[in-house]
Amino acid sequence: MKSPRLGRRGLLAALCSGLLATFSTGIAHAQAADWPRQPIKLLLGFTPGGGVDATARLVAQQLAEALGSPVVVENRPGAGGTLAANAVAKAEPDGHTLFLMASGHSISPALYKSLPYDSVNDFTMVTMTTRFPFGVAVGASSPIRNMGELMKQAKDKPGTLSMGHAGVGTGMHLASVLLQSREHVKFIDVAYKGGNLAPTAVAGGEIQAVLDNLASMEPLVNGNRLRLLAVTGTQRWPTYPDVPTLAETVSPGFDVTGWTALAGPRNLPAPVVARLSREMTRIMAKPEVIERLRKLGLGATSTEPAEAQKVLATEVARWQKLVQDEKIETQN
């Protein structure tokens, strides 16, 4: 039988534990109650211009209005977006440093031999903000009329069909690698340095096909210089309702999309996450926000924080497996 003294000690410990939990919860709620106390920094790993930067500036403007506090966009390009990610991972988790995370963040762990942060566990996900498919296209004068013909040529004449993309390690590159792996074909891989260089090369006849952002290809498609054969998501893109998906045509179940998400450092206070999630759900449903993003080739979306965290973990694991399976060279 336990002595009364030990029982009192156990009771005291339980009371202290309860008081500590209540105190900690009170601090978190107090932090959220007077948050934000200063301008919020919204970091991204890209230079000004482009879809991610435009999304960040739109989110910043809308959040500033919703929170009644300035939200300042900071572009920290370099090292595949890892400089910005590292700055956020090391920031104080007080809600004053946020991250407009792009899908390349989930690829970095597979491509870099080491990173100064954990790509999943060092971040608190708030919500997905945009999703967008990539497109596969050929030149307007190409004899290839559809994805079936493209893949037939790749299978019948291995290593003769050139496929361009926006750079090694980008989502477009890995989407191309995944398609080749799933369908047992081999393209001549041609990497360009971002922008619309790859689509322009196809339109000019330098290479035969391209897998790239729809936004980069849209002027050339609309100008009848590119023929869009398919998109990489599971659903047709509203701007091109007559263009099928890869899943519909040559690779059942194929689904690769680019995305952006709002995140913060690990241990972002739950009340702050809840407030951000609530405001972002409202913002991303605004017709004017949806339309502005649509013109950039992006689809507005929002999710619960737990779902966004699951998406991140799933994407990181997916690309790590692909890079390992296909023996893609990693970088220091």
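Which right-handed unit do β5, α6 and β6 make? Select the three and you have a β-α-β unit; right-handed here means that, with the strands pointing away from you, the path from the first strand over the helix to the second runs clockwise. Helices (H or I, at least four residues) and strands (E, at least two) are DSSP runs, numbered from the N terminus.

Before going on: this is a predicted model, where local features need pLDDT of at least 70 and side-chain atom pairs count only at pLDDT 80 or more, while totals for chains, interfaces and linings use all residues. Residues are numbered from 1 along each chain as its sequence is written, and side-chain values use heavy atoms, without hydrogens and water.

β5 (residues 162–165) pairs with β6 (residues 188–191) in the parallel sense over four bridges; pairing takes at least two DSSP bridges. Click Ser162 and look across to Ile188 in β6, which stands opposite.

Next, pick His173 in helix α6 (residues 171–183). Beyond its neighbours within four places in sequence, His173 contacts (heavy atoms within 4.5 Å) His165, Gly167, Val168 and Asp189.

Last stop: the largest nonpolar core, with 82 residues. Such a core is a set of buried Ala, Val, Leu, Ile, Met, Phe, Trp, Tyr and Cys residues joined through side-chain atoms within 4.5 Å. Helix α2 (residues 51–67) supplies its largest share, seven residues. Apart from this core lies another, of 19 residues, including Tyr117 and Leu312.

Key:
Buried means under 20% relative accessible area, exposed over 50%, partly exposed in between (1.4 Å probe, protein chains only).
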